[in-house]
Structures are given as C-alpha cells and as structure tokens.
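Trainee: Could we go through this model together? I would like to start with the surface and then turn to the helices and charged pairs.

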Amino acid sequence: VPAYIAVRKNEFESAPYRLLHATLRLANAPTDKEQLRRMTKAFFDLEGIKIEVQDVIPLASVSQEGYLRAWLQLASQRTEVSPVSRDLLEATSKSLAERMDYWKFIAAAHQWFEQIKNQPSGSMSQAAFQDFEDEQEIWTSLRADISQHYDVSELSLHNFLQELDLRAKEKPAPANAVRCLTIASSKGMEFKHVYV
C-alpha cells in the first residue's frame with residue numbers, strides 16, 4: 001500500500017525558489033530585512049558572491065529607494081558576476097524595481113535558473129539545486145491554482161504573494177496513497193476512515 005507522509009512546508013527550500021520568493025517579497029515590502037537576508041543568502045548559494053546585508057541597508061537609507069534597488073546596485077558593481085547573472089540583475093531592475101512587472105521578472109528568473117543549472121559540475125550552484133525540480137513542479141501547480149481563482153494579469157504583487165503564502169509548498173499526495181499524519185495535523189480534516 002503506497003504511503004504518503006504529509007509534512008506541511010510553508011517556505012521554498014531550494015536556493016532558486018528562495019531567491020525568487022524573497023525578491024518578490026522584497027519588491028512588495030521594500031524595507032523587509034528578513035527578505036533581504038534570504039535573498040542575499042540564496043544569491044550567494046547560486047552565484048557564490050556574498051553581498052553583505054549591512055552594506056545594503058545604509059545605501060538604501062541614503063538613496064531612499066528601498067533594499068532591492070540598493071542590493072541590485074551593489075550586485076551590479078561586482079566584477080565577478082557572470083554575464084548570465086548580470087542579465088538577470090538588469091532584468092530585475094527593469095521589470096521589478098522600476099515597473100513592478102513581476103510576471104516579467106518571474107520569467108527572467110526561470111530562464112536564469114535553467115542557464116546556471118547547467119553549469120559544469122563542481123560549481124557552487126550544483127548543491128543549491130537540490131529539490132529544484134520538485135519545487136519547480138510545486139511552483140507551476142501553485143500558479144495554476146491561483147490562476148483558476150484570479151485573472152493573473154490583473155492580480156497585484158501583494159495579492160499574488162498573499163495567495164502564494166496561504167498555500168503549502170509541498171507536492172500533492174500520490175493518487176490512492178494512504179496519508180500519514182500526526183493526530184494534531186489531522187484535526188479538522190474530514191476522512192471516511194482513520195487508523196490510529
């Protein structure tokens with residue numbers, strides 16, 4: 001009998017989707033230090049370039065343009081940024097920091113993921129792509145689910161993030177699998193049969 005151990009996952013865990021989600025959240029809340037930290041850590045995991053949070057905050061304070069713009073400015077100044085990553089930084093600046101066209105940013109980010117995923121083995125990005133395929137499938141499923149309830153072309157970034165945050169970031173249970181849950185997590189769910 002196939003079994004499925006249900007563990008609710010509220011956040012993405014692979015570096016690409018941590019970066020994507022944190023960047024969107026930072027665009028929505030320009031002075032969120034936690035999202036800045038998450039984005040910076042994910043970028044380091046993928047690109048191997050460390051941008052210090054304590055350098056971003058004062059620059060943002062002086063420019064009064066938010067953490068995302070300040071982070072993009074610092075990242076763009078780094079000479080060791082690869083050409084494909086530089087393209088992403090420019091796309092992020094144009095689509096997200098300037099125009100809030102988050103769908104364009106999401107498309108550019110996915111294109112970047114595919115480019116850096118195929119870098120030679122042994123590069124830092126290889127370990128960062130653990131669970132990427134599963135989370136890519138989850139992202140596609142979440143977006144399709146949100147699209148069933150809203151016209152995504154008219155959905156604001158704030159509302160999109162709300163919808164995304166309300167949904168679990170885990171793969172759906174396989175068909176005909178027995179769901180294994182703790183008693184506490186099964187509370188409030190309706191099942192025809194329960195075995196303890």
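**Surface, helices and salt bridges**

Mentor: Phenylalanine 191 is partly exposed, at a relative accessible area of 35% (buried is under 20%, exposed over 50%, partly exposed in between; 1.4 Å probe, protein chains only). This is a predicted model, in which local features need pLDDT of at least 70 and side-chain atom pairs count only at pLDDT 80 or more, while totals for chains, interfaces and linings use all residues. Residues are numbered from 1 along each chain as its sequence is written, and side-chain values use heavy atoms, with hydrogens and water left out.

Trainee: Which residues make the nonpolar surface patch?

Mentor: Ile183, Met189, Phe191, Val194 and Val196 make a patch of about 560 Å². Phenylalanine 191 itself lies in the segment after α10 (183-186).

Trainee: On to helices: at what angle do α4 and α5 pack?

Mentor: Helix α4 (residues 67-77) packs on helix α5 (residues 83-98) at about 160 degrees, and their axes are 10 Å apart. That makes the two helices α4 and α5 roughly antiparallel (the term applies to angles over 145 degrees). The crossing of α4 and α5 is left-handed.

Trainee: And α1 with α6: what are the angle and the axis distance?

Mentor: The angle between α1 (residues 15-28) and α6 (residues 102-117) is about 160 degrees, with the axes 11 Å apart. α1 and α6 are therefore roughly antiparallel as well, but their crossing is right-handed.

Trainee: Changing topic, how many salt bridges are there?

Mentor: The count comes to eleven, a salt bridge being a side-chain nitrogen of Lys or Arg within 4 Å of a carboxyl oxygen of Asp or Glu.

Trainee: Which parts of the chain does the pair of arginine 25 and aspartate 165 link?

Mentor: The side chains of arginine 25 and aspartate 165 form a salt bridge of 3.0 Å, N to O. The pair links distant parts of the chain, with arginine 25 in helix α1 and aspartate 165 in helix α9 (residues 157-166), 140 residues apart.

Trainee: Is arginine 25 buried or exposed?

Mentor: Arginine 25 counts as buried at 12% relative accessibility, whereas aspartate 165 counts as partly exposed at 34%. Both residues belong to a salt-bridge network that links Glu11, Arg25, Arg38 and Asp165.

Trainee: What about arginine 167, which partner does it have?

Mentor: Arginine 167 pairs with glutamate 163 in a salt bridge, their closest N and O atoms being 2.7 Å apart. Arginine 167 is buried, at 14% relative accessible area, and glutamate 163 counts as buried at 13%.

How values were computed:
Patches are made of residues with over 30% relative accessible area and no salt bridge: like charges are joined within 9 Å, nonpolar side chains (Val, Leu, Ile, Met, Phe, Trp, Tyr) within 5 Å. Accessible areas come from the Shrake-Rupley method with a 1.4 Å probe; for residues, only the protein chains shown count as cover. Helices (H or I, at least four residues) and strands (E, at least two) are DSSP runs, numbered from the N terminus. Axes are lines fitted to C-alpha atoms, for helices over the stretch in contact, and angles run from 0 to 180 degrees between N-to-C directions. Angles under 35 degrees count as roughly parallel, over 145 as roughly antiparallel, 65 to 115 as roughly perpendicular and the rest as oblique. A crossing is left-handed if the near helix is turned anticlockwise from the far one by less than a right angle, and right-handed if clockwise.
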